[in-house]
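Have the sequence and the 3D view open as you read.

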Amino acid sequence: MKKFMAALGTVVLGFGVIAGIGTYVAAAKNDPGLTSATPAGTYTAPDGKSYPHYTLHLNTYPNSTFGGHHGADGGAHPDWVSYGLAGEFGEPLTQASTGTNFVVPPHSAVTITIWQYDSGETLNNDFFAKIRGTVGNTATLVERYDTKSHSNATEAKTITQIPHDQVGHTFTIHGIADAKDQVFVNVPLPMANDDEVSAAEEEGGFTQFPSMMTFTIITGDEGEYVWNCEFPCGDGTVARFGNAMSAMSYMSGHWIVRA
Ligand SMILES: [Cu+2]
């Protein structure tokens, strides 16, 4: 009986731990809102085909104090890295109430610009250093974008990959889920200058010179997909895959293709 009780105790303890983890994950405040891409006329692809054109402007931050969907105080986890909505020149959209669930029309061209304000390090898997699933499997990179003068501080260049040890975050859409068309998109976002990121953070702001990546995705049939960051950015957790990395509304969200 003593053995049985001990075994039972272990099982009960196990359930307790699992329930605890579930509660912990669910406690991260979710972003239930949807952000629709902005109509932008017609896009002509390199193969000559025309598509309805849409745009999305996003930022990635070293913490959640930018306001937006986390709130003015940075929400439940102000020190977690996060995605957020951006304005025309990479400025934080501090009043936005959504930021990580995107609705885009089917069979359309969606041009996404991401300003990356965080420092970075090495990917677990260098697969994610290559640009995949965009028009031409390329992106346009500005290594230093000047958010004060709204201009490129370094020349824009067309690239197919970035060094795997200089990654801030990634924007990665996974294809399975409930969709008819399979989709895989991966865009690595280069790190900003480490010292400038730290200096700005100490003053409670963000670097003046984020990196800027622009790329276009041609959407297929309607369906719901997930996107994630694939750079291990959950600082202070096992293999850095917890916290922001495993939380919706920070480094993960929905990609909804819908008319
Ligand atoms: Cu990340």
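In the largest nonpolar core, which has 54 residues, Val-187, Met-213, Ala-244 and Met-251 touch the most other members. Such a core is a set of buried Ala, Val, Leu, Ile, Met, Phe, Trp, Tyr and Cys residues joined through C-beta atoms within 7 Å. Buried means that 20 or more other C-beta atoms lie within 10 Å of the residue's own, exposed means 12 or fewer, and partly exposed is in between, with C-beta atoms placed from the backbone. This is a predicted model, in which local features need pLDDT of at least 70 and side-chain atom pairs count only at pLDDT 80 or more, while totals for chains, interfaces and linings use all residues. Residues are numbered from 1 along each chain as its sequence is written.

- At least two core residues come from each of S3 (50–61), S4 (82–85), S6, S7, S11, S12 (185–190), S13 (211–218) and S14 (223–228).
- Strand S6 gives the largest share of this core, five residues.
- Met-213 touches Ile-114, Ala-139, Leu-141, Val-187 and Leu-189, leaving out residues up to four places away in sequence; contact means C-beta atoms, placed from the backbone, within 7 Å.
- The protein chain has two helices and 15 strands, which are DSSP runs numbered from the N terminus (helices: H or I, at least four residues; strands: E, at least two).
- Of its 259 residues, 39% count as buried.

**Two buried residues**
- Phe-128 sits in the loop between strand S6 (109–116) and strand S7 (139–142), and it is buried because 21 other C-beta atoms lie within 10 Å.
- Beyond its neighbours within four places in sequence, Phe-128 has contacts that include Thr-170, Thr-172 and Glu-230.
- The C-alpha atoms of Phe-128 and Thr-172 are 8.4 Å apart, although 44 residues separate them along the chain.
- Val-167 belongs to strand S11 (residues 167–174) and counts as buried because it has 26 other C-beta atoms within 10 Å.
- Among the residues Val-167 touches, not counting those up to four places away in sequence, are Leu-123, Pro-188 and Phe-231.

**A strand in the open**
- Strand S2 (residues 38–44) lies largely in the open, because the number buried among its seven residues is zero.
- S2 and S3 run antiparallel and are joined by five bridges; strands pair if DSSP finds at least two bridges between them.
- Pro-39 has Tyr-54 as its bridge partner in S3.
- Five residues lie between S2 and S3 in their hairpin, and Gly-48 in the turn has a positive phi of about 95 degrees.
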